[in-house]
Amino acid sequence: MTVPGGRISGFRLAHLLGEWRRRGARQGSADLAAAIRLLVLDGRLPAGTRLPAERELAEALPVSRTMITAALDQLRSEGLVASRRGAGSWISLPTGTLGITPDTPLVGHSMIDFARAAPPALPGVLEAFDTVRRRLPEHLADHGYYEHGHPDLRQRVADRYAARGLPTSPDQIVITSGAQHALAMTLRLLTGPGDRVLVEQPSYPNALDAIKAVSAIPVPVAMTDTGWDLPGIAAALRQAAPRMAYLVLDFHNPTAHRLDAAGRAELADIARRARTPLVVDETVAELDLDGDPLAGPPPMAAFAEDLVITLGSASKSHWGGLRIGWIRASPEVVHRLVSTRTALDLGSAVVDQLVLAELLADPDPALRDRRVRLASQRDVLMDGLREHCPSWRFTRPTGGLSVWCELDAPVSTRIAVVAQNHGLRLAPGSRFGAHGGFERWLRLPYVQSPEVLRDAVQRLGLVAASVTGTGAATEEDVAIPVA
Ligand SMILES: Cc1ncc(COP(=O)(O)O)c(C=O)c1O
């Protein structure tokens with residue numbers, strides 16, 4: 001049983017719910033229940049969150065109290081809300097009847113996960129495990145604790161930076177349990193409660209969550225149609241004096257923009273003038289779908305070695321299940337990061353590190369295959385969008401894992417809510433804003449097979465038509481078989 005935890009106010013919940021209601025809809029309570037379910041499934045309402053009193057929520061939304069009661073009854077029957085007299089209502093863990101969780105497997109099941117931009121493992125991962133398994137006896141004689149990371153992997157990660165044009169020594173590398181862990185460690189080092197952190201707007205949702213989790217305050221600077229507003233970043237650094245900036249310069253998540261070499265040089269000048277550390281997340285930097293990643297702009301650290309802390313990861317290049325990432329910084333910062341790390345954990349899993357070290361011994365052929373496959377999946381998705389969602393606009397991504405689509409109406413949350421009923425899990429645009437918004441946007445990943453992508457985009461077209469009232473379909477017509 002889930003125990004009640006922190007409370008969310010009616011105002012905050014109304015804000016998170018966004019544009020949940022279809023105009024003129026009769027099914028108000030079903031819509032509200034579906035919108036709350038979406039927040040639970042994508043993690044914005046964690047289990048245990050205490051819900052506001054019905055009257056408070058009715059005033060904040062604003063809707064009738066009867067509608068709130070009916071929506072909560074629906075969620076209670078699904079096991080997503082629990083209530084106790086005197087203790088109110090809170091979000092509860094579904095007991096299995098719901099059948100849709102963020103971890104529902106992607107393929108071969110009725111639910112298509114069109115929210116998570118994470119590809120399956122490279123075929124070479126299995127082989128690398130076999131190789132490591134054979135050599136394991138050499139390592140088992142060791143203690144197995146590597147707070148900085150296993151030396152073999154630190155060397156390989158450093159070599160990869162050198163191949164990308166940034167000479168790096170292993171003592172500049174800390175191995176972490178993924179880039180998200182790397183960001184959490186960096187935030188712990190650089191920020192304290194109430195400090196400001198500059199972020200792109202939109203930005204990677206889990207990074208925004210990590211910033212809020214250390215009680216820092218995101219200071220968003222809007223992206224433009226073509227990329228970064230560098231004068232805007234300079235002004236924000238001057239005016240808000242953030243402790244650090246969190247930036248994704250290589251195939252930005254979610255817009256897929258990449259900052260070119262001239263932009264990087266300008267950004268380095270801006271950061272140097274403001275003396276603000278730049279924490280640059282290169283999780284998808286290897287996924288250049290049109291060119292050779294070794295021929296792209298040099299890593300940001302090449303422009304401001306003293307100010308840049310780089311986060312990296314094997315999750316998108318090799319496999320998220322390895323849970324291996326890293327931080328590249330000066331040896332002095334590495335030392336400080338490791339000193340603060342020991343309160344949290346004492347290193348990442350050695351076997352997984354050795355597997356990645358094996359994969360990085362000769363990474364280029366497998367990465368080339370990954371890029372070719374992703375590029376063709378991107379093309380399938382774009383063709384599907386042109387056919388099934390012809391009024392949506394998007395720019396062809398040159399790298400990364402997703403298309404950032406501009407819809408023809410502010411209905412992103414509505415589409416995500418209705419899509420759940422049709423076997424499609426979507427991340428609405430509001431997930432990508434520091435304070436919500438982005439109701440005209442949807443991020444669509446192309447990490448699945450062409451067959452699944454074609455099915456997903458067809459369902460999406462029908463759902464979108466039913467929500468916006470365009471096309472012949474009504475929501476009742478969209479009874480898509482989800483076998
Ligand atoms: C920009 C960005 N940073 C970090 C992550 C998380 O990486 P990891 O799996 O290494 O924690 C992702 C995953 O989607 C990402 O897109």
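Leu-247 is buried, with a relative accessible area of 1%, where buried means under 20% relative accessible area, exposed means over 50%, and partly exposed covers what is in between, using a 1.4 Å probe and the protein chains only. What we are looking at is a predicted model, in which local features need a pLDDT of at least 70 and side-chain atom pairs count only at pLDDT 80 or more, while totals for chains, interfaces and linings use all residues. Residues are numbered from 1 along each chain as its sequence is written, and side-chain values use heavy atoms, with hydrogens and water left out.

Coming back to Leu-247, and leaving aside its neighbours within four places in sequence, we find it in contact, meaning heavy atoms within 4.5 Å, with Leu-198, Glu-200, Leu-267, Leu-278, Val-279, Val-280 and Asp-281. Arg-378, by contrast, is 131 residues away from Leu-247 along the chain, and the C-alpha atoms of the two are separated by 24 Å.

Let me move on to the loop between strand S7 (244-247) and helix H10 (261-274), which is where His-252 is found. Not counting residues up to four places away in sequence, Asp-250 touches His-257, Arg-258, Arg-264, Glu-282, Val-284 and Ala-285.

His-252 is likewise buried, with a relative accessible area of 1%, and its side chain is joined to that of Thr-255 by a polar contact of 2.7 Å. Beyond its neighbours within four places in sequence, His-252 is in contact with Glu-200, Pro-202, Ser-203, Met-223, Trp-228 and His-257.

Now to the backbone. Most residues other than glycine have a negative phi, and most peptide bonds are trans. Here, however, the peptide bond from Asn-253 to Pro-254 is cis, with omega near 15°, and the one from Gln-201 to Pro-202 is cis as well, with omega near 5°. Pro-202 lies in the loop between strand S5 (196-201) and helix H8 (205-213). Ser-215, in the loop between H8 and strand S6 (217-222), has a positive phi of about 60° although it is not a glycine, and at 43% relative accessibility it counts as partly exposed.

Asn-253 also brings us to the ligand. Which residues are around the ligand? They are Gly-178, Ala-179, Gln-180, Tyr-204, Tyr-246, Asn-253, Asp-281, Thr-283, Ser-313, Ser-315, Lys-316 and Arg-323, where being near the ligand requires a heavy atom of the residue within 4 Å of it. An oxygen atom of the ligand is 2.6 Å from an N or O atom in the side chain of Ser-313, and an oxygen atom of the ligand is 2.9 Å from an N or O atom in the side chain of Asn-253. For Gln-180, a backbone N or O atom lies 3.0 Å from an oxygen atom of the ligand. Taken alone the ligand exposes 400 Å², and the protein buries 91% of that, with accessible areas taken from the Shrake-Rupley method with a 1.4 Å probe and, for residues, only the protein chains shown counting as cover.

Finally, the cysteines. How many disulfides does a search of the whole structure find? The search finds zero, a disulfide being a pair of cysteine sulfur atoms within 2.5 Å. Cys-389 is in no such pair because its sulfur is 7.3 Å from the closest cysteine sulfur, in Cys-405, too far for a bond. Cys-389 is buried, with a relative accessible area of 4%, and Cys-405, at 0% relative accessibility, counts as buried too.

Technical notes: Helices (H or I, at least four residues) and strands (E, at least two) are DSSP runs, numbered from the N terminus. A polar contact is a pair of N or O atoms within 3.5 Å; within protein, one must be able to donate a hydrogen and the other to accept it, and residues adjacent in sequence count only if both atoms are side-chain atoms.
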